[in-house]
Amino acid sequence: MKKIVEQGLLYDFYGELLTDHQKEIYEAAVYNDMSLTEIAEENGISKQGVHDLIKRCTNTLQGYEDRLHMIRRFEAIKETAEELARLSDSMTDNDKLRNEIRNISDRLLEELT
C-alpha cells in the first residue's frame, strides 16, 4: 500500500513530465489498479513491456524528486501548517492571535490540497 501511495505522489508532482503513452500506462497501473496482463492486452504490448515501462517511469519520477525535492518540501510545509493549527487550538489567552494563527494554517493547508 505504501508503494502505491508513493507512486501516486510522485505522479501527482511530476507526472506531466512523462510522455502521453507513459502516463496512460502508469495511470492504468497505479490509479486504476489494472493488472500487467490487462494493461498489456489493452495496449497491444507484452506483459514484460508493461512491467519495464512502469519501473522506468517510477525511476524517472523518483529521479525528479531526488533532484527537486518537491514532495519533501510539500510534506514539510503541510506538517508546519498542521503544527500551527494544533498550536492555535491549544491557546487560550489571546483569542485574536489564536484565530489569526488558525486562519493562516487553514489557508496553507487549503493551498496544499
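This is a guided tour of a predicted model, moving from one selection to the next.

**Stop one: helix H5**

Begin by selecting residues 70–90, which form helix H5, a run of 21 residues that reaches 30 Å from its first C-alpha to its last, close to the 30 Å expected at 1.5 Å a residue. Then show the side chains of Ile 71, Phe 74, Ala 81, Ala 85 and Ser 88, which are buried in H5. If you turn the view to look down the axis of H5, these buried residues fall within an arc of 115°, so they line one face of the helix.

To find what the buried residues of H5 pack against, bring up helix H1 (2–14), helix H4 (47–68) and helix H6 (95–112).

**Stop two: the pairing of H5 with H6**

Keep H5 in view with H6, and hide the rest for the moment. Two packed helices are described by the angle between their axes and the distance between the axes. Here H5 and H6 pack at an angle of about 155°, with their axes 8 Å apart, which makes H5 roughly antiparallel to H6. The crossing of the two helices, H5 and H6, is left-handed.

For the contacts themselves, select on the H5 side a set that includes Phe 74, Ile 77, Ala 81, Leu 84 and Ala 85, and on the H6 side a set that includes Ile 101, Ile 104, Ser 105, Leu 108 and Leu 112; these residues are among those through which H5 and H6 meet.

While H6 is displayed, pick out Ile 104, which lies in that helix and is partly exposed, with a relative accessible area of 32%. From Ile 104, draw a line to Ser 35, which is 69 residues away in sequence and 43 Å away in space, C-alpha to C-alpha.

Now select Gly 15, in the loop between H1 and H2, which counts as buried at 1% relative accessibility. Which residues is Gly 15 in contact with, leaving aside its neighbours within four places in sequence? They are Leu 10, Lys 23 and Leu 61. Of this group, Leu 61 is 46 residues from Gly 15 in sequence, while their C-alpha atoms are 7.3 Å apart in space.

Asp 33 has a positive phi of about 55° although it is not a glycine, and at 65% relative accessibility it counts as exposed.

Then move to His 69, in the loop between H4 and H5, where phi is near 60°, again a positive value in a residue other than glycine. Is His 69 exposed, buried or partly exposed? With a relative accessible area of 24%, His 69 is partly exposed.

Conventions: Residues are numbered from 1 along each chain as its sequence is written. This is a predicted model: local features need pLDDT of at least 70, side-chain atom pairs count only at pLDDT 80 or more; totals for chains, interfaces and linings use all residues. Side-chain values use heavy atoms; hydrogens and water are left out. Helices (H or I, at least four residues) and strands (E, at least two) are DSSP runs, numbered from the N terminus. The expected span of a helix is 1.5 Å times one less than its number of residues. Buried means under 20% relative accessible area, exposed over 50%, partly exposed in between (1.4 Å probe, protein chains only). The arc is that of the directions from the helix axis to the C-beta atoms. Contact means heavy atoms within 4.5 Å. Axes are lines fitted to C-alpha atoms, for helices over the stretch in contact, and angles run from 0 to 180 degrees between N-to-C directions. Angles under 35 degrees count as roughly parallel, over 145 as roughly antiparallel, 65 to 115 as roughly perpendicular and the rest as oblique. A crossing is left-handed if the near helix is turned anticlockwise from the far one by less than a right angle, and right-handed if clockwise.
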